[in-house]
Amino acid sequence: MTAQTRHRRRAALAVPTLLAVLALVVTVVRTPPATAATALTVAQAISSQTGATGTVTGYVVGEPTATDTVRTSSFTGDTALALADSSTQTSTSSMLYVQITSSYRSSFGLLTNPSLLRTQITVTGTLTAYFSHAGLKSPTAMVKGATSTTSPTATATATATATATATASSTTDTYYANALGKSGESLKTALHTIISTGVTKLSYDGVWDALKVTDQDPNNSSNVILIYSGISRSKTLNGGDTGDWNREHVWAKSHGDFGTTAGPGTDLHHLRPEDVTINALRDNKDFDSGGTAVSGASGNYTDSDSWEPRDAVKGDVARMIFYMAVRYEGDDGFADLEVDDIVNNGSNPYIGKLSKLLAWNTQDPPDTAEKNRNQIIYSTYQHNRNPFIDHPEWVASIFG
Ligand SMILES: [Ca+2]
Ligand SMILES: [Ca+2]
Ligand SMILES: [Ca+2]
């Protein structure tokens, strides 16, 4: 009965093509040293990590993602860039890592502006370590090109207000810089801010097309994989009839009553394709072990008050639930979603069962497909990440 039209949609992941931009070799004409507003070179900024304010001119040479790692293609975010005195510099020890705060990300983030690579910019901010590396944080001005200002901008003027901020671990990327070293409630608070900043909210219609990309079958680009049943089904069979797949809210809509307006009801981090009939069987049940085998969804079990997903997605489900609890804190017009250790939560803004979800997070760690999905949502759709896919150990710190 399936005479299906196959649309071959190639998921066009915008991988920035790096043309070998041969920068014109320009002799940098340096402003005479006597001029008050001369910007620092990158070398000078690296040797002036005093916590004072400084203005630096340099070439954008990549995106730092760890102390010793600077990406020059396939950028992952808009939160940091690396500057050097030479546009072709590859040694990280000759680079200054610049924090890009939210107001500058749309103009200076490399994910959004890959063509900035190898161009000259001028940045004013605090000369202090970023990522355990020579850096500039909390920029107060970022402009393209070399500055020619004659205003008496302070250059490395010693101030007594240098704040000693903790430096980031070399193993963690810039996206989580403000969460590093924290635990428990303060980690949750920091992550809430990070994953709620600069987010693009999809429409419920937009979710259809996004799921065809985020949940594409790796072995068949015409299909999506259904979360619970694990079945590969044609992308074109999205809809509401028997045999179609539709949009499963892993955090059931009724648990917080958020519906399908832009917000939690359209958040791709917990939306997955599922067969219409199986989706209805899961209904709004909490998660727990046990019950009888679900017909048509091998490895899943259910009873009157709970749903047990198949082993391969137990951890995925847990991390989606934990993401929702951190992302939605009641400060944006929607309910404060939280995890508790019971079933039968009904329409309360809670989902259980915490003890099971903690175990499932450990039992089924993130795999390549789950990480890839997180990256696509970040780079192409919502511009936020599920921290528990990147750092599953944070689950126990916050919820354990
Ligand atoms: Ca049960
Ligand atoms: Ca899994
Ligand atoms: Ca919450």
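Predicted model: local features only at pLDDT ≥ 70, side-chain atom pairs only at ≥ 80, totals over all residues.
## Overall make-up

The protein has 400 residues, of which 43% count as buried. Its secondary structure consists of 10 helices and 17 strands.

Among contacts in the protein with a separation of 6 or more, 62% are between residues 24 or more positions apart.

Three strands form an open sheet in the order 7-8-9, and their pairing is antiparallel. Strand 7, residues 216-217, and strand 9, residues 232-234, are the edge strands, each pairing on one side only. In general, the strands of a sheet pair through backbone hydrogen bonds, either parallel or antiparallel.

Strand 8 covers residues 220-225 and pairs with strand 9 over three bridges in the antiparallel sense. Asparagine 223 stands opposite serine 234, which belongs to strand 9.

## Helix 6 against helix 7

Helix 6 spans residues 314-327 and helix 7 spans residues 354-363. The two helices pack with their axes 7 Å apart, at an angle of about 125°. Angles over 145 degrees count as roughly antiparallel and those from 65 to 115 as roughly perpendicular; helix 6 and helix 7 are therefore oblique to each other. Their crossing is left-handed.

On the side of helix 6, the contact involves Lys314, Gly315, Val317, Ala318, Arg319 and Ile321. These residues meet Leu357, Trp360, Asn361 and Gln363 in helix 7. By type, the residues of this contact between helix 6 and helix 7 comprise five nonpolar, three polar and two charged.

Methods
Residues numbered from 1 in each chain as written. Chains lettered and ligands numbered in written order. Pairing = 2+ DSSP bridges. Helix = DSSP H or I, 4+ residues; strand = E, 2+ residues; numbered from the N terminus. Axes fitted to C-alpha atoms, helices over the stretch in contact; angles between N-to-C directions. Parallel < 35°, antiparallel > 145°, perpendicular 65-115°, else oblique. Left-handed = near helix turned anticlockwise from the far one by under 90°. Contact = placed C-beta atoms within 7 Å. Nonpolar A, V, L, I, M, F, W, Y, C, P; charged D, E, K, R; others polar. Buried ≥ 20, exposed ≤ 12 C-beta atoms within 10 Å, placed from the backbone.
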